[in-house]
Amino acid sequence: MRHLADLDVAGRRAAVAELGQPGYRADQLSRHYFGRLTDSPDDMTDLPADLRETLTQALLPELLTVTRELTCDHGMTRKTLWRASDGSQLESVLMRYPSRVTMCVSSQAGCGMACPFCATGQAGLTRNLSAGEIITQVFKGARALASGQLAGGVGRISNVVFMGMGEPLANYAPVVAAVRRLSDAVPAGFGISQRAVTVSTVGLAPAMRKLAGEGLSARLAVSLHAPDDELRDELVPVNRRWPVAEVLDAAWDYAAASGRRVSIEYAMIRAVNDQAWRAEALARLLAGHLVHVNLIPLNPTPGSRWTASDPAVAAEFERTLAQRGIPVTIRDTRGREIDGACGQLAASAAGDRSIELQNAPAFRRPTGPTR
Ligand code: SAH
């Protein structure tokens, strides 16, 4: 289903021209959607009444409907489960902090990367999302904030992170289009600073290099989770295709091209990747590079044989990196109680996760010869 947010400004004008309308109608429609955050014909009083329905039906179809909404952290965190028009399920999370509001979006329904510690990875990939479906998550979040639905009053989305379901760089073109639509000024897009947008990847090196050529200033996050290939092959199976050295090489390309620090994401898993020698190995890999390490206490997913590192061990890991001059923080994880925290998004609509998880292998290894 074609949506305004799938198209750039020229594409929207062409789409409007197909309906026999002048190009400026596309700009008017875009201003309603990206600027005033409305997709309702009744609000579009600057358009002739008969045109409102025509344009909204053609370019603003309802892509996502809410299946479930859960809040926690005193109403400051809200997870939404969405259903797309073909029945695919996906989730996003809106998080209010003292000085920012972050929307965590899905780039795919499900995920094909099969990381064994991640809830989404257990169920596999359903399909890629369109740019319109990615942008719709932000649109609906922005509307909820603008109408004061999140605790803390009326607000705006300041940050967007591609850390929901899916591997953004496995859905390259729609994700790059969505990044542009987030950051382009109204009426082309929402006008959110690209510097406040983060694309997180398992490390698809060729796509990372391609991204470095897009001229973006969005932040790139790399889910490393281990400094050594032996362990990373298990934690992030795609490492067998693009090992640590190659992933980091591509990350430094992106840092050089964008001028932005690359975030290294490291889920702290007790007695798996939290040893002092791994902290030292990680420091050696990262020293001298434009980088910041985020240590994330593992959110154990049901059925997982792993748990979070002991806080003292995580603190020691952090200290080891800091002493070697690597900028590092331990990330606060929001939304645990509503399965809305890092790695917990699994779109279990019926709340019937036990069924889903009984069939999920506790540990999945890639099978195909190409992986
Ligand atoms: N596919 C992308 C983006 C989605 S996941 C990626 O892997 O980067 C966003 C982050 O959450 C990644 O760093 C991922 O490794 C991490 N994550 C997944 N499961 C987790 C869990 N159970 N606990 C903590 N972090 C987790």
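The model is predicted, so I ask for pLDDT of at least 70 for local features and count side-chain atom pairs only at pLDDT 80 or more, while totals for chains, interfaces and linings use all residues. Residues are numbered from 1 along each chain as its sequence is written, and side-chain values use heavy atoms, with hydrogens and water left out.

**Entry 1: arginine 96**

I started in strand 3 (residues 89-96), where I found arginine 96. My burial scale is relative accessible area with a 1.4 Å probe, protein chains only: buried is under 20%, exposed is over 50%, and partly exposed is in between. A salt bridge is a side-chain nitrogen of Lys or Arg within 4 Å of a carboxyl oxygen of Asp or Glu.

Leaving aside neighbours within four places in sequence, arginine 96 touches several residues, including Met76, Val101, Leu145, Gly152 and Arg334.

I traced an open sheet of ten strands in the order 1-2-3-4-7-8-9-10-11-12, with mixed pairing. Strand 1 (64-72) and strand 12 (328-330) are the edges, each pairing on one side only. From one strand to the next, the twist averages 20°; axes here are lines fitted to C-alpha atoms, for helices over the stretch in contact, and angles run from 0 to 180 degrees between N-to-C directions. Two strands pair if DSSP finds at least two bridges between them.

I checked two of the pairings. Strand 8 (residues 197-201) and strand 9 are parallel over four bridges, with valine 199 opposite leucine 220 in strand 9. Strand 10 (residues 262-268) and strand 11 (residues 291-297) are parallel too, over seven bridges, and there serine 263 has histidine 292 in strand 11 as its bridge partner.

Why do I call strand 9 (residues 219-223) largely enclosed by the rest of the structure? Because four of its five residues are buried.

**Entry 2: salt bridges**

How many salt bridges does the structure hold? I count 14, and I looked up a few.

Arginine 143 meets aspartate 39 at 3.6 Å, N to O. Arginine 143 lies in helix 5 (residues 131-146) and aspartate 39 in the loop between helix 2 (24-35) and helix 3 (49-59), so the pair ties together parts 104 residues apart in sequence. Arginine 143 is partly exposed at 35%, and aspartate 39 is partly exposed at 22%.

Glutamate 91 and lysine 79 come next, with closest N and O atoms 3.4 Å apart. Glutamate 91 is in strand 3 and lysine 79 in strand 2 (residues 77-84), so this pair links parts twelve residues apart in sequence. Glutamate 91 is buried at 2%, and lysine 79 is buried at 9%.

For arginine 331 and glutamate 265, the closest N and O atoms are 2.3 Å apart. Arginine 331 sits in the loop between strand 12 and helix 12 and glutamate 265 in strand 10, so parts 66 residues apart in sequence are tied together. I noted as well that Asp86, Arg127 and Glu133 are joined into one network by salt bridges that share partners.

**Entry 3: alanine 109**

Buried or exposed? Alanine 109, in strand 5 (residues 108-110), is buried at 0% relative accessibility. Its C-alpha is 6.2 Å from that of asparagine 128, 19 residues apart in sequence.

Conventions:
Helices (H or I, at least four residues) and strands (E, at least two) are DSSP runs, numbered from the N terminus. Contact means heavy atoms within 4.5 Å.
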